[in-house]
Amino acid sequence: MRQTRLCTLVSAASGVAACVLLATLQLLRGPDPRWIVLGAAGCLLLAVTLARVLYRTVTPGTAPTTAGRPLAAPVVAAVLSVPLVGPGGDTPGLAWSFVGAALVGVAPLLLPVRYAVTPMAATVLVSAATAWWLGGPVRDAVTVTVVLGLSVAVWNVLHLWFWTFLGQAREGRDAVARLAAAEERLRFAREVYELLGNHLAAIAFKAELASRLAPVDGARTRNEVAEIRALAAAALARMREAVHGYHVVDLREQVLSVARVLRAADVRCTVTQPRKDLPPALTGPLVSVLRDVGAHVLRDGEARWCTIEVAREADGARLTVVSDGADGVDTDGAVLPGLADRLRDSGGALRTWRENGTLTVEATIRVEA
């Protein structure tokens, strides 16, 4: 996007620069040095003002609006350029016609097309009036302003449309990525509900029953409280299993989910998995590595492709993630805090290295036969 924005800015500025350069060349043909200096000052003032506005136009979050101050500067510069540039050159009024062409070409970038027609027509009228007042050729001035100005305007509108289209595509891609992440969070929430929902509902029901039985049947109340304690202990044990990664996790589905999120962020993702599912003792630690590494690839923002490979080995399993977004992760593991330690506690090892502009993260898990 930065390169596209720079290309759009250079393309828009090139048309304006060409018009200002032609106006300057016309001024240099004048016999009076004073008008050459004044005209050059007017051209320079207008060029700097329009360059500023063009930069704001193609910079996200700083585009000028019809009610904002950024539009006041080019209007003031255009008005001042008439007495400064108009009398210069060997043909009165012709130099300002090139300035008018620059204003006509920039107008569609500063205002919506339906609003830009009015200042474009006003600029043509000013060009004709300036040439008529100074005794210059009105037809030549109007022709230069209209033909050259419309050519620059069409050129600028095409590049602005392309820039706007890319911006909308980027926003759409980000929205898809956020939607995919939201879907992943909802899926995780459903898993947590399935894990604890029944236990919590039973606990709530038995707690209400115990509160009703307490005044009339103490023995039965004690039995209900004991069952509540057992249900709470079971729920706590299942939650601990899930948090520590010992709960049975579908690694295959997790790999596909991470791949979907990366693809939604416009990262080409290739997945390779074994035909048979891995034993439950291997899936938990590998899922933890997969989620952390996938999150870092997604946050890096510069990754264009990623490969995820899960392989079954004789004494364990191996997860390998390779990506070209290597700037955001240190090979010493500092950006993946605690991941190597958690994997080591599970009987595994984590290796990361860079090679030819790519980052490779390899996690291995060993189990005793």
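## Salt bridges

A salt bridge is counted here where a side-chain nitrogen of Lys or Arg lies within 4 Å of a carboxyl oxygen of Asp or Glu, and by that rule a search of the whole structure, which is a predicted model, finds 8 salt bridges. Side chains of opposite charge can pair when their charged atoms come close.

One of these joins the side chains of Asp 32 and Arg 34, with 3.2 Å from N to O, and Arg 34 counts as exposed at 64% relative accessibility; in this report, buried means under 20% relative accessible area, exposed over 50%, and partly exposed in between, with a 1.4 Å probe and protein chains only. Another salt bridge is formed by Glu 208 and Arg 212, whose closest N and O atoms are 2.8 Å apart. Because they are 4 residues apart in helix α6 (residues 138-213), Glu 208 and Arg 212 are separated by about one helical turn; Glu 208 is partly exposed at 39%, while Arg 212 is exposed at 59%. Glu 313 pairs with Arg 318, the closest N and O atoms being 2.9 Å apart, and a network of salt bridges links Glu 313, Arg 318 and Arg 366.

## Helix α3

Helices are DSSP runs of H or I with at least four residues, numbered from the N terminus. Helix α3 covers residues 72-85, 14 residues in total, and reaches 20 Å from its first C-alpha to its last, close to the 20 Å expected at 1.5 Å a residue, where the expected span is 1.5 Å times one less than the number of residues.

Pro 74, Ala 77, Ala 78, Ser 81 and Val 85 are buried in α3. Seen down the helix axis, the buried residues of α3 fall within an arc of 105°, so they line one face of the helix; the arc is that of the directions from the axis to the C-beta atoms. Val 75 and Val 79, on the other side of α3, are exposed.

## Cysteines

The structure holds 0 disulfides, a disulfide being a pair of cysteine sulfur atoms within 2.5 Å. Cys 19 is buried, with a relative accessible area of 1%, and Cys 43 also counts as buried, at 3% relative accessibility.

## Basis of the values

Residues are numbered from 1 along each chain as its sequence is written, and side-chain values use heavy atoms, with hydrogens and water left out. In this predicted model, local features need pLDDT of at least 70 and side-chain atom pairs count only at pLDDT 80 or more, whereas totals for chains, interfaces and linings use all residues.

Notes: Helix = DSSP H or I, 4+ residues; strand = E, 2+ residues; numbered from the N terminus.
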